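Take a walk through this model from the inside out. Keep the sequence and the 3D view side by side.

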Amino acid sequence: MTVTSWNALADAALAGQVLDRDAARAVLTAPDAELLEQLAAAYRVRRHHWGNRVRLHFLLNAQSGLCPEDCNYCSQSKVSTADIEQYPMLAQERILAAAGRASDLKAGTFCLVISGRAPGERVFEKVLDAVREIRARHSLKICVCLGLLSEDHTRRLAEAGVETVNHNLNTSERHYDAICTTHTFADRVATVRNVQAASIKTCSGGIVGMGESDDDIIDLALTLREMDVRSVPVNFLIPIPGTPLEMTQQLDPRRCLRVLSLFRFMLPSQEIRIAGGREVHLRSLQPLGLYPANSMFVGDYLTTPGQAPGADFAMIRDMGFVLETPDGAPWDGDSADALAPTLSWAQPDATGVTGPSVGRS
């Protein structure tokens with residue numbers, strides 16, 4: 001394509017038009033020489049909807065491992081032999097300490113994650129108690145990722161004050177059986193629908209690099225658009241030793257940037273979040289990911305470490321972006337410029353010792 005053509009894609013996205021499949025494939029297969037023009041076009045769309053703000057999310061794995069599902073990408077699944085820390089639901093004081101850390105790091109959203117197929121009643125009540133206490137202490141928005149959820153689950157989460165529920169579709173319906181057999185793509189769609197029925201914001205995205213085709217990536221984006229998912233995390237597979245996908249290697253920084261651009265063209269007004277794997281696969285090109293994406297995690301992920309927050313704040317500052325408050329406005333006080341030199345990463349682990357976080361990739 002030419003620069004004019006990339007701008008035409010941006011114009012179409014801003015007009016609310018859906019990219020046809022040929023145009024979507026062209027985004028993913030564009031030559032390296034056109035990458036900067038492609039990113040500039042994606043940034044036009046991002047800037048229209050999100051300005052120069054960056055929304056930060058903080059992730060806590062509140063229950064790790066021992067999952068009965070067989071998701072091939074996951075270090076906590078029953079088919080994984082990965083060397084990870086396994087522990088039951090963290091005590092509330094540990095969760096509250098992590099929420100305090102999220103607030104200190106200017107994260108707008110605190111994401112509480114537990115491993116497993118679906119929450120049992122005892123664990124679910126602990127989640128609800130933690131949500132209520134966090135809301136009483138902090139202005140953070142709260143997102144939870146708890147596995148498959150019923151309508152009763154999502155209703156009670158809404159009553160407790162949860163703003164967002166994450167449940168990734170992960171890949172296309174066609175490719176789903178290749179990565180998981182203990183539940184179906186339809187099961188995941190049903191959970192997202194239950195979240196929407198409870199009037200909770202939907203957060204659902206995918207994992208790129210699991211052997212899927214370009215059409216699988218396009219189909220995932222189309223499904224998320226059709227379901228009107230508002231927050232879309234884009235993960236890049238970290239092939240963790242001990243998982244069935246440990247030998248899968250199909251990503252490089254330029255491929256990741258094209259995927260992010262595609263999601264921006266296909267989902268123009270949605271929050272697009274650079275999630276797991278950005279440090280591993282974007283590497284020195286991480287800052288360019290903020291041209292199509294307007295959101296990212298700060299700190300560690302689940303079973304894999306992230307970049308130090310100070311480096312993230314420096315990256316945001318150097319790109320000319322500003323942090324976003326939980327209500328969506330730019331921060332008036334501390335800026336990325338002020339925070340960058342002073343913050344280092346430390347999060348309580350399952351024992352309460354300060355150190356890297358643990359959980360699922």
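This is a predicted model: local features need pLDDT of at least 70, side-chain atom pairs count only at pLDDT 80 or more; totals for chains, interfaces and linings use all residues.

Residues are numbered from 1 along each chain as its sequence is written, and side-chain values use heavy atoms, with hydrogens and water left out.

Start with the core. In soluble globular proteins, nonpolar side chains tend to be buried together. A nonpolar core here is a set of buried Ala, Val, Leu, Ile, Met, Phe, Trp, Tyr and Cys residues joined through side-chain atoms within 4.5 Å. Buried means under 20% relative accessible area, exposed over 50%, and partly exposed in between (1.4 Å probe, protein chains only). The largest nonpolar core holds 101 residues. Ile 95, Phe 110, Val 144, Leu 157, Phe 263 and Phe 265 touch the most other members. Helix H9 (residues 253-266) gives the most to this core, with eight residues. Helices (H or I, at least four residues) and strands (E, at least two) are DSSP runs, numbered from the N terminus.

Now zoom in on Val 144. Contact means heavy atoms within 4.5 Å. Leaving aside residues up to four places away in sequence, Val 144 touches Leu 112, Val 127, Val 131, Leu 157, Val 162, Thr 164, Val 165 and Asn 166. Another core, of nine residues, lies apart from the largest one. Its members include Cys 143, Phe 297, Tyr 301 and Leu 302.

Two of those contacts of Val 144, Val 127 and Val 131, are buried residues of helix H5. The 17 residues of H5 (residues 121-137) should span 24 Å, and its end C-alpha atoms are 25 Å apart, which agrees. The expected span is 1.5 Å times one less than the number of residues. Which residues of H5 are buried? They are Val 123, Phe 124, Val 127, Leu 128, Ala 130, Val 131 and Ile 134. An α-helix has 3.6 residues a turn, so residues three or four places apart point the same way. The face of H5 turned away from its buried side carries exposed Arg 122, Ala 136 and Arg 137. The cover over the buried residues of H5 includes S1, H4 (92-104), S2, S3 (141-145) and H6 (151-160).

Next come the aromatics. Rings of Phe, Tyr and Trp (its six-membered ring) pair if their centres lie within 6.5 Å; planes under 30 degrees apart count as stacked, over 60 as edge-to-face and the rest as tilted. The count comes to five aromatic pairs. Tyr 43 and Phe 321 have ring centres 6.2 Å apart and planes at 70°, so the pair is edge-to-face. Tyr 43 sits in helix H3 (residues 35-50), and Phe 321 in the loop between H11 (309-318) and S10 (322-323), 278 residues apart. Tyr 43 is buried at 15% relative accessible area, and Phe 321 at 5%. Phe 58 and Phe 110 have centres 6.0 Å apart and planes at 15°, so they are stacked. This pair links strand S1 (residues 53-63) to strand S2 (residues 109-114).

Finish with the cysteines. A disulfide is a pair of cysteine sulfur atoms within 2.5 Å. The whole structure has zero. The cysteine sulfur nearest to that of Cys 71 belongs to Cys 180, 3.8 Å away.
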